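Please consult the sequence and the structure shown here while reading.

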Amino acid sequence: MSDTCAPDQGITNQKTLNNKTLSARIDSLPASAGLWRFIILLSLGGFFELYDLFQTGYISSGLIAENIFHIGSAGVLGISDQAAFASSTFLGLFLGASMLAPNADRFGRRMTFMFALAWYGCFSLLMAFQNSAEGIILCRFLVGIGLGLELVTIDTYLTEWVPSHLRSRAFAFAFFIQFLSVPAVALMSWWLVPQTFFGLTGWRYVVIAGALCSLIIWFVRKNLPESARWLAQQGRNEEAHNVVSAMEKRCGVAESPAYVAPEQASGLPRKGTFREIWSFQYRKRTLMLTVMNFFQAIGFFGFGNWLPALLSGKGTTVTHSLLYAFFITLAYPLGSLICSRYADKIENKWQIVLSSLMTVIFGTLFAFQTHPVMLVICGFLITYSNAWLTFSYHAYQTEVFPTHIRARAVGFCYSFSRLSTVFSSILIGLILQYAGTQGVIAFIVLSMIIVMLVIGIFGPKTRGINLENI
């Protein structure tokens, strides 16, 4: 009896496979070692991006000690060179995210990804050999352009390849890998910045290490597959089928469906436009994420990039402030790793709200601490909440837009986090000068309250929902 039915059963199974949509196949990928290896490989680029990004606060003391950077009105722009350095970084990030990120919708995630990685690696290396504040600030601006493009592309890449039931967990784990860079740059700065080797001061080695490693990763990641969702959106359906089949094989799926060419109409590429992100369907989401990004960046980078200076404002020496900062920044990878255990169990919008509330509470406590142990504990918990916030909103903002405008929309909204930091870097420098650490923390706390309100009130739910249905 079973022998008689076997051929019919085989035909039925093959029809089921053939009728399974590309999106459903991606959502059916198991949480296998092959999938996690892909996530790790994708995250390695993010590691060196954040390494590069967090250099701002850690190498500045070395630049000042070498008399390249000056404080106050003695800086090249009439403000602290550290503030100008940070502002130029984020101005570049703004331009990269807002002006170049749409190219990921046009040319594909993979090509854009590789271009951005090579771009910022080369200009980082060039920056390490500059001897003037003007040269360093200019190179930093150019580095920022590549970083802004790369960060948006990684988010869209990851969202489009990870099954819906694993999205938040995958982002948490990816940021665990990426955030390992923060204590790495803090530890390297603590060790190298006060030193001089072979005529080169230590801050240069911190920059060179990140630049060279990012270029090595460029060669390692050349074999990453293109986003299948993007290929299908461009009408390249057979390529999309092939890369999904390869991913299924990598993940241990026993059988992939045979390729069936779609009707001509269904294979037509759909081109996104800037106007579309302001259409009635997406306008509220665009405004919500623009406001969220503007204010969350003040909380995240206001604390992260200015941590050594904030600790110095509490009376610690430069060496001790860098050492304390290293222990505090351990919360970035540890927080992401711990959060990965429950990331898929809570709506992303509420994770954003809760992590912002945590920053408000422990940021307030940090402002009133003077004992080194309590400073480190409160700083660690603020950093933990920042790590939680980061993977939550990175996952969230890529979920709420469709594939054909995802990079364009996320790049636009995300760019406001960079634009806000251009001005807040200067503003925080002035607040620190005139109101001290307490004034900076008050500014951060107010910004995070705004994030809580805008996401809590206007944010749609996304947990476990297929990307095409959000």
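## Buried residues, enclosed helices and cavities

Thr-383 lies in helix α19, which spans residues 372-399. Helices (H or I, at least four residues) are DSSP runs numbered from the N terminus. The model is predicted, so local features need pLDDT of at least 70 and side-chain atom pairs count only at pLDDT 80 or more, whereas totals for chains, interfaces and linings use all residues. Residues are numbered from 1 along each chain as its sequence is written, and side-chain values use heavy atoms, with hydrogens and water left out.

Thr-383 counts as buried because its relative accessibility is 0%; buried means under 20% relative accessible area, with a 1.4 Å probe and protein chains only. Not counting residues up to four places away in sequence, Thr-383 touches Phe-303, Ile-328, Thr-329, Ala-331 and Tyr-332. Contact here means heavy atoms within 4.5 Å.

Gly-148 is found in helix α8 (residues 133-161), and Ile-298 lies in helix α14. Each is described in the table.

| Residue | Relative accessible area | C-alpha to C-alpha distance | Separation in sequence |
|---|---|---|---|
| Gly-148 | 1% | 8.9 Å to Tyr-414 | 266 residues |
| Ile-298 | 4% | 6.3 Å to Thr-421 | 123 residues |

With neighbours up to four places away in sequence not counted, Gly-148 touches Leu-93, Gly-96 and Ala-97. Under the corresponding exclusion of neighbours within four places, Ile-298 is in contact with Phe-303, Ser-420, Ser-424, Phe-443, Ile-444 and Ser-447.

Helix α9 (residues 167-179) has 13 residues and reaches 18 Å from its first C-alpha to its last, close to the 18 Å expected at 1.5 Å a residue. The expected span is 1.5 Å times one less than the number of residues. Helix α9 is largely enclosed by the rest of the structure, because 12 of its 13 residues are buried; among them are Arg-167, Phe-171, Phe-175 and Phe-179. Helix α4 (residues 55-65) is likewise largely enclosed by the rest of the structure, because 8 of its 11 residues are buried. Those of α4 include Gln-55, Tyr-58, Ile-59 and Leu-63. Just after α4, Asn-67 takes a positive phi of about 65 degrees.

On a 1 Å grid over the protein atoms alone, a cavity is a set of points where a 1.4 Å probe fits but cannot get out, and lining residues have an atom within 4 Å of a point. Grid points are joined across faces, edges and corners, and a volume is the space filled by probe spheres set on the points. The count comes to 2 cavities of 30 Å³ or more.

The largest cavity has a volume of about 80 Å³. Its lining has 13 residues, of which Leu-50, Phe-300, Thr-390, His-394 and Tyr-414 lie nearest its centre. At least two lining residues come from each of α3 (33-53), α9, α14 (283-304), α19 and α20 (406-458).

The second largest cavity holds about 30 Å³ of space and is lined by Gly-299, Phe-303, Thr-359, Gly-363, Ile-382, Ile-441 and Ile-444. Two or more residues of this lining come from each of α14, α18 (348-367) and α20.

Technical notes:
Buried < 20%, exposed > 50% of the residue type's maximum accessible area, 1.4 Å probe, protein only. 1 Å grid on protein atoms, 1.4 Å probe; cavity = no way out; pocket = protein on both sides within 12 Å on 5 of 7 lines; lining within 4 Å.
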